[in-house]
Amino acid sequence: MRRHALQSFVLAVLLSVILLETGRVAAQNQPTTQNPPQTMVIIAGTSFPKDRLTIQELKALYLGETQLLQDLRIHPVDQRENQLIRKRFLERVVQMTRDRYIDYWNLRLFRYGGFSPLLRNTGREVIETVREQDGALGYVWLEEARNEPGIKILLTLDNL
Amino acid sequence: MRLLRPSFFFTLLTLLLSQADRPARGFEFKGFADVTYTRSSVDPGIDPDGRNGSFAIGQFDLFLTQPLDDRLEVLSELVVESDRNGESFIDLERLQISYLFSDALQLHAGRFHNIIGYWNTAYHHAALFPATIERPAFLEFEDDGGILPVHVVGVWLSGEVATAPIEIEYGLMAGNGPRIDNDVLNPGNVSDTNKNKAVSANITVKPSHPAGLGLGIFGHFGQVPIFDASSPPMEIGQVDQSILGADLFYQNLQDGAIGLELLAEYYRILDEDPKTGTGRFTSSAYYVQSGYHFTERFIPYLRYEQVRIEASDPYFTALGAANSNRWVYGLRYSLNPDSALKAEVRIVDQVGLDRYNEYAAQWAFGF
């Protein structure tokens, strides 16, 4: 009798979790307020050792798989989790959800050590960081980077 | 191990506060802990409290990395844990200084997790990261009754070489060999009992497709002296040991990561006592673990573990190890990336000794 009750309880918990999760995922997939397509640019200071990056190279830098370029330590810069641009960047370049990206970095740091990406609140802060710190690169909207001195565009990502 | 002192927390707090206003490249600090409830049907003669059901605070893991410059960094993992009597202890589980020559070559010195298998170098001491509540039993830490040398003090070369369509990770480690002191493996934190350093090596291949797949082989070679409980301890045996193995993992973190997760490791342990000439003993241990991400946060999982020890193997005899089979069934639900609830049932068969069930639930978290 007790065993039967326990099995029912476990089954009920299991079904509840699946239903809750299904609802959560469905809610996440609902179209949110439509934003017009925007253009994101990957920027770095003028002394950055490369002038162009591919998406694969960029991904390897943001996942810590590539740490040095031409003998210079690279410092990727992220924007805060609540920023739309970060969500778009993770979807297009890293191809991970927010939670998976955090999981990845938690585990990677724990396993290998190293540096996780720097965190900045706004595009303005990202621009200032890449301008001032050797080896730093980050992502901002094209409008934010236009006419900014002391930076160069390494990659342009359209229709985000 | 040392008894926990209040001054430890004062020192830690001082360290954290002193770092609080550092610029962007300050230290990375993470803490991990868990609360676990376990009840079992084990024979009270083996574990008198097993049938009572007990709550336990798990390992309180304090993890810090501090870059000293762009290539030099320090990593430490300090664990506070409690024994059955409720006494708390501090263990310095990892302490390493590392120099990055290139992405393909990094040199470390200090105390590490031995580069045998996937689990031992992936999950370390935090309960948050693995899907399951516990490590495979044969990979338990030395001071928790483990039967394999999972820690090494010495030097370590490691690197990653990405050459499409594969990425290769490798490691080469040399350090103090372990010893057995009164039935317990001792990794030799401050001294080695002989001139033969233990050597470990691994190589893992990760193809681009399918993403998340890795295949590795590894080996560990060392000489393990066995000491009794007398004072001073007497050396009563010595084993030349070779551990050879392979591991496989598949964990796709990309694109929402719904689907299969697979981990498997196989160890073949060859022990020989060169002094007695009793020949070579061959034992093995393996596990296969599979989980399925129905959603990003929800994973039911299953693991089977087996240990087979050749009779009279002097190494395992000294450790009191025996054949065992273990099934683990469980569920994990991640509340967010820093917190997970887990529940599992284990069917444990200690061959010739006892067969019992364990029921466990855990709340693991990081901060």
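A cavity here is a set of points, on a 1 Å grid over the protein atoms alone, where a 1.4 Å probe fits but cannot get out; grid points are joined across faces, edges and corners, and a volume is the space filled by probe spheres set on the points. The largest cavity of this predicted model has a volume of about 590 Å³. The model is a predicted one, in which local features need pLDDT of at least 70 and side-chain atom pairs count only at pLDDT 80 or more, while totals for chains, interfaces and linings use all residues. Residues are numbered from 1 along each chain as its sequence is written, chains are lettered from A in the order in which they are written, and side-chain values use heavy atoms, without hydrogens and water.

**Cavity**

- The count is one cavity of 30 Å³ or more.
- The largest cavity is lined by 47 residues, a lining residue being one with an atom within 4 Å of a point.
- Closest to the centre of the largest cavity are Arg108(A), Tyr112(A), Ser158(B), Glu160(B) and Glu169(B).
- Helix H4 (98-112) of chain A gives two or more residues to this lining, as do several strands of chain B, including E8 (151-163) and E9 (166-175); helices (H or I, at least four residues) and strands (E, at least two) are DSSP runs numbered from the N terminus.
- The lining divides into 18 nonpolar, 18 polar and 11 charged residues, where Ala, Val, Leu, Ile, Met, Phe, Trp, Tyr, Cys and Pro count as nonpolar, Asp, Glu, Lys and Arg as charged, and the others, Gly among them, as polar.

**Interface of chains A and B**

- Contact (heavy atoms within 4.5 Å) involves 46 residues of chain B and 37 residues of chain A.
- The buried area, meaning the accessible area (1.4 Å probe) that two parts lose on being put together, summed over both, is about 3900 Å², and carbon and sulfur atoms give 52% of it.
- Three salt bridges cross the interface, each a side-chain nitrogen of Lys or Arg within 4 Å of a carboxyl oxygen of Asp or Glu.
- Arg108(A) and Glu160(B) form a salt bridge through their side chains, at 2.9 Å from N to O.
- On the side of chain B that touches chain A, 18 residues are nonpolar, nine polar and 19 charged.

**Loops and backbone of chain B**

- Two cis peptide bonds are found: His209(B) to Pro210(B), with omega near -5°, and Ser231(B) to Pro232(B), with omega about -5°.
- Pro210(B) sits in the loop between E12 and E13, and Pro232(B) in the loop between E13 and E14.
- Thr278(B) belongs to the loop between strand E15 (259-272) and strand E16 (280-293).
- Thr278(B) is 40 residues from Gln238(B) in sequence and 12 Å from Gln238(B) in space, C-alpha to C-alpha.

**Backbone of chain A**

- Asp71(A), a residue other than glycine, has a positive phi near 75°.
- Asp71(A) lies in the loop between strand E2 (68-69) and strand E3 (72-73).

Technical notes. 1 Å grid on protein atoms, 1.4 Å probe; cavity = no way out; pocket = protein on both sides within 12 Å on 5 of 7 lines; lining within 4 Å.
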